[in-house]
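Me: I am new to this structure and would like to learn how to read it. Could you take me through a few features, one by one?

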Amino acid sequence: MVKASLLICLMVVLLAGCANNRQFHNNPLSEQSKRLTVPERFEQYGRNDDVTIILTFSGGGTRAAAFAYGVMKGLRETPIQLNANNQVSMLSLVDVISSVSGGSFTSAYYGLFGDKLFTDFETDFLKNNVQSRLSRRLLINPINWFRFMSGNFSRSDLTSQYYQKYIFSDKTFADMRPDAPAIMINATDLTTGVGFTFSDDHFRWLCSDLASFPVGKAVTASSAVPVLFSPVSLKSHGDCQPFTHQEHMVDDNVRYKHQALKIRELRHKEKHPYIHLVDGGVADNLGVRALLNRIYRQDDNFWEALKAFRLTNTKKVLFVVVNAAATLNPNLSLSAKTPGIADTLNAATTIQSQNYNADTLDLLELSVAKWTEQVKQGRCAEYFKKDCDDFAYYTTELNFSHMGEPEASQLAAIETALQLPENEVDHLIEAGEQLVLESNVIQQFIQDIQK
């Protein structure tokens with residue numbers, strides 16, 4: 001017994017001695033990549049047809065992942081007649097998906113595996129008891145105890161290993177399908193306070209290679225709820241220049257534009273040799289701000305943003321915000337008892353998220369008229385084509401409130417967790433499908449395309 005105790009102590013000391021040997025999973029850029037002036041995969045963004053669909057998936061654990069999955073099923077089951085000989089599903093017209101937290105499981109899986117989302121995703125994640133499996137890996141395996149004690153291994157490390165192996169099949173961003181939409185997985189940088197996207201643009205500020213980065217690690221960062229999970233840390237490498245379009249970001253004293261430009265602080269390696277990422281919902285729980293910021297960094301010009309994504313032929317844009325936000329607990333006001341820590345934290349987080357979400361959606365909707373004119377004027381100035389000013393923009397939010405009561409309250413009350421009962425998962429999926437079919441904006445978009 002004494003020998004065993006001494007052995008354990010020795011292992012702890014040895015492991016603790018390795019505490020400064022933390023490994024970072026973001027590799028530096030190759031010399032060839034440093035010479036690129038635009039992202040290597042720039043030309044793959046979009047299919048540059050007449051129709052562009054943009055989706056954003058909110059946070060909310062498996063609740064959000066299942067709801068987003070249901071919306072994607074609804075889009076896949078909705079046909080669009082582009083012309084007399086070409087009928088396609090709406091899902092095939094999606095060019096961009098921006099996601100945070102729970103929604104990132106769905107977007108990343110689709111980006112990697114395509115239609116396998118509809119055959120394997122429920123088994124691989126939505127109904128896979130992930131939370132229980134992670135707990136067993138922590139509690140049952142003594143090796144993990146020592147790894148935690150060493151200071152070089154965290155709960156996020158354990159989680160990302162599981163995600164990477166059992167959900168995302170050890171894939172990296174190089175494995176994203178060439179015909180997939182642009183998948184924007186978003187986290188929050190604790191130092192600058194801004195959203196960080198796992199994209200070539202943002203990795204360029206770190207002089208780091210996105211292609212070799214594990215997708216499971218990115219999803220872990222996007223869903224790393226503060227306190228419950230430790231931050232995911234990346235190393236900032238040196239000796240590279242920004243892409244050409246990053247060098248021409250226009251400074252502006254408008255507050256929301258200034259916030260979008262804060263990402264440039266990461267180029268100062270002496271101040272930011274490392275960044276530490278947590279749940280994307282801290283900066284924006286809708287996934288909308290990542291896209292807004294992309295436009296703001298193009299001098300708040302939607303035509304320039306379309307060019308950046310190689311979508312210059314677009315005549316119709318549909319922007320769908322898939323919001324699986326929780327609601328406040330109405331039962332708190334029924335008791336004289338002071339709410340406990342968990343109830344208070346949940347309420348405070350929900351209040352902040354709801355208020356910020358409302359401002360974000362207002363900002364999106366108020367920008368539509370301006371962006372529409374920018375596209376018409378910009379395209380006609382650069383391309384002397386017939387109907388160059390033929391452009392329309394549609395925005396809609398799909399959330400539980402559109403389901404009507406009491407179903408809306410039942411869905412919003414579903415726990416924010418990695419593991420849910422199968423009947424709740426099915427209910428969320430069905431709600432997502434139903435809202436696609438019943439959305440007036442989506443139906444109008446379809447009618448206008450088919451005229």
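Reply: Gladly! Let us start with helix packing: axes are lines fitted to C-alpha atoms, for helices over the stretch in contact, and angles run from 0 to 180 degrees between N-to-C directions. Keep in mind that this is a predicted model. Here α3 and helix α5 (residues 117-126) pack at an angle of about 170°, and their axes are 12 Å apart. Angles over 145 degrees count as roughly antiparallel, so α3 is roughly antiparallel to α5.

Me: Which residues of α3 and α5 make the contact?

Reply: From α3 come Thr62, Ala65, Ala66, Tyr69, Met72, Lys73 and Arg76, while α5 supplies Leu117, Phe118, Phe121, Glu122, Phe125 and Leu126. By type, nine of these residues are nonpolar, one is polar and three are charged.

Me: What should I look for in a nonpolar core?

Reply: In soluble globular proteins, nonpolar side chains tend to be buried together. In this model the largest nonpolar core has 85 residues, and Phe105, Phe168 and Phe198 have the most contacts inside it. Helix α3 (residues 61-76) gives this core its largest share, nine residues. Apart from that core lies another, of 29 residues, including Val288 and Phe319.

Me: What does Phe105 touch, beyond its neighbours within four places in sequence?

Reply: Its contacts include Ala65, Phe121, Tyr163, Ile167 and Phe168. Tyr163 and Ile167 are also among the buried residues of α8.

Me: How far apart should the ends of α8 be?

Reply: At 1.5 Å a residue, the 13 residues of α8 (residues 155-167) should span 18 Å, and the end C-alpha atoms are 17 Å apart, which agrees. Just after α8, Ser169 has a positive phi of about 50°.

Notes. Residues numbered from 1 in each chain as written. Predicted model: local features only at pLDDT ≥ 70, side-chain atom pairs only at ≥ 80, totals over all residues. Heavy atoms only, no water. Helix = DSSP H or I, 4+ residues; strand = E, 2+ residues; numbered from the N terminus. Expected span 1.5 Å × (residues − 1). Buried < 20%, exposed > 50% of the residue type's maximum accessible area, 1.4 Å probe, protein only. Core = buried A, V, L, I, M, F, W, Y, C linked by side-chain atoms within 4.5 Å. Contact = heavy atoms within 4.5 Å. Parallel < 35°, antiparallel > 145°, perpendicular 65-115°, else oblique. Nonpolar A, V, L, I, M, F, W, Y, C, P; charged D, E, K, R; others polar.
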